[in-house]
Amino acid sequence: MNKSAVIELDNICYTYGGGKQVFALQNISLSIGSGEFVAISGPSGSGKSTLMHILGCMLTPTSGGYCLLAEEVAGRTASQMAQIRNSTIGFVFQNFNLLPRASALKNVELPLIYAGIAGRKRKARALDVLTRVGLAARVSHHPNELSGGEKQRVAIARAIVSKPKILLADEPTGNLDRATGKAIIAMLKELAADGMTIIYVSHDLEMVAEATRSIHIVDSRVVGG
Amino acid sequence: MFVNNVVLGEALLSAFKQLFIHPLRTLLTISGIAIGIAALIAMMGIGEGTRQKVIDDMERIGGTGVISVELRGGAMNDQDRDNIQKDKLTREDMTLLSQASSLIMSISPVIHVPGMVFFADLRFEGQVYGTNQFYGEIRDWQVERGRFLTRVDLDYASNICVIGSEVRHNLFADQDPIGKKIHFRNDEFTVVGLMVERNFEAGRWLNKLILLPVDTVEKRITGQTNYTQILVKADKMASVSIVRDQIEKAIQSRHVNPDSIVIHSQVEVINSLERASMLMRFSFGSITLIVLVVGGIGIMNLMLVSVTERTREVGIHKAVGAKNIDIFLLFLFEAMSLSLLGGILGIVSGIQGGRFLSFAIATYLDNQVACIISNKAIMLAVFFSVFIGVVFGLYPAMKAANIDPSKALSYE
Ligand SMILES: Nc1ncnc2c1ncn2[C@@H]1O[C@H](COP(=O)(O)OP(=O)(O)OP(=O)(O)O)[C@@H](O)[C@H]1O
Ligand SMILES: [Mg+2]
């Protein structure tokens, strides 16, 4: 086991149940070190989102081992998993997933609520990260009053507000134009430079090229990286 | 499981805000609970008002402090019947009872005599009672004109009588009855007093009375002493049960068959009234409960719709660290705030409805019944509405809590 690894996957398999079984991930073994800036690429339906959900502790693998910060994730209770999602991992989605009826500020405060941080302190921290992503002037706007790029910056602010060790981004530029997408990747790169471990999914070669390491998935398996 | 206070506070706030996102939907959903609670409040208010009114009326006829000792009417078998027919309430009983307790204010024998009274060519089917000078005081019944029976009337067994207002109306119309002679059982009795008219329901029967000195009845009509009842008035309401016990002991010491004598006091009447109003409340309560259950189902329905609509939102909350219990409470609080709002609306409209009902009773039924809303009724209503919210919010909240974040966020 790699000593400085923050993420260590050992033969991870994931099968979607239901009527027809879908083997979304098969025997994935991976090791990602602290502070790495990793891009995951692969064709549609290859299992990238499934992998990200497993890394983000939103899905429990069907089999295999997942060591997060040198601790096994398998066997954790639902509330321990929630705890991990709250403080260890930040997640950014392709479709932003902001609460439509809450302001940018309230959206960013959300993880801090579940961390039990109250009042002024919570607001100050949320304002702080919103300023950092360049949205100081947009804090009271609701998602429908923001552009795609701005929405994604709110989503990034929300993902990093509880100072997680790891940031996962599933196609963060998928719904954005090229220039805006590049700015988002640049922002992730900046966070990586500060020591955060970042893993993002993209099909865009230009975006993938920004990463210091790239992992390619085809048909539920890792084929390079 | 542990929920931190920040999450709790935010969940409450969010539940409250959620009510106003779809105001019409909220209003329609809570109307069931509101109607149920309003019915509960109005019924309890009017029920309590009715109860108090009856007790009030009884107080006003001076009835609540009165204990009545009487011979039991029907017996179980011939043996008993013989005993009872031999049994009598006599002067000895009067003496015995008046010495039985130091808490007795006054005591009065009563003999009921059936028959018709006549004046000129008019007749009236009233109630002729032989009694003593304390009867008026015991019934808290005042003389309007003339005088009441006196000790002297009894000693001389005079042919006089005191009449109630209805007797006067039927026999004398608007003439002055004082000094007139009425006929009863081949005898003449001079009217010496007219009693005040009793207007309220529970005291109207007094207006039909023709009161004679008890000695007159014994000597001239029945020819023997056999009281129908002996009325005892305790010095105050609080003494009634003590006096009653003392009387009971005294009576049992003198009568062969203690079962032949029955003792009534208004304390029992009040108790049975309480039982009746309990029963009434129970039946109102069951109907209300059905309405509330229907209201609860409405809330459950809305909550299930809400859970489905907000699947993605739940996914977002969970993705940033919400635990199952946090989501559970979020939705449970929402159901509770819905039903509580329904409850509050119900309380307000129930109070208003009760007042209106009381007004309607006064206007159309010519009866003064207040709508009395106790704090207990309000607390019960609040408790019930919250309880309904919890019961019917439980399943939707569990459903929301178990939403899988990965699936929820994959929905397009
Ligand atoms: N909830 C689900 N139930 C059943 N099958 C699923 C489910 N989610 C995804 N799959 C299947 O699992 C496979 C992998 O899906 P996944 O979303 O991980 O692919 P992806 O690489 O992210 O694709 P894309 O680039 O289009 O986002 C696909 O074949 C998909 O049809
Ligand atoms: Mg995907």
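**View 1. The shell around ligand 1 draws its largest share, three residues, from α1(A).** This is a predicted model, in which local features need pLDDT of at least 70, side-chain atom pairs count only at pLDDT 80 or more, and totals for chains, interfaces and linings use all residues. Residues are numbered from 1 along each chain as written, chains are lettered from A and ligands numbered from 1 in written order, and side-chain values use heavy atoms, without hydrogens or water. Both β2 (22-33) and α1 (48-55) of chain A give at least two residues to the shell; helices (H or I, at least four residues) and strands (E, at least two) are DSSP runs numbered from the N terminus.

**View 2. Here are the residues that come nearest to ligand 1: Ser44(A), Gly45(A), Lys48(A), Ser49(A) and Thr50(A), out of 13 around it.** A residue is near if one of its heavy atoms lies within 4 Å.

View 3. A polar side-chain atom of Ser44(A) sits 2.5 Å from a ligand 1 oxygen atom. For a polar backbone atom of Gly47(A), the distance to an oxygen atom of ligand 1 is 3.0 Å. In the side chain of Glu171(A), an N or O atom is 3.4 Å from an oxygen atom of ligand 1.

**View 4. Helix α3 (residues 104-114) of chain A packs with helix α5 (residues 148-160) of chain A at about 30°, their axes 7 Å apart.** α3(A) and α5(A) are therefore roughly parallel (an angle under 35 degrees).

Conventions. A polar contact is a pair of N or O atoms within 3.5 Å; within protein, one must be able to donate a hydrogen and the other to accept it, and residues adjacent in sequence count only if both atoms are side-chain atoms. Axes are lines fitted to C-alpha atoms, for helices over the stretch in contact, and angles run from 0 to 180 degrees between N-to-C directions. Angles under 35 degrees count as roughly parallel, over 145 as roughly antiparallel, 65 to 115 as roughly perpendicular and the rest as oblique.
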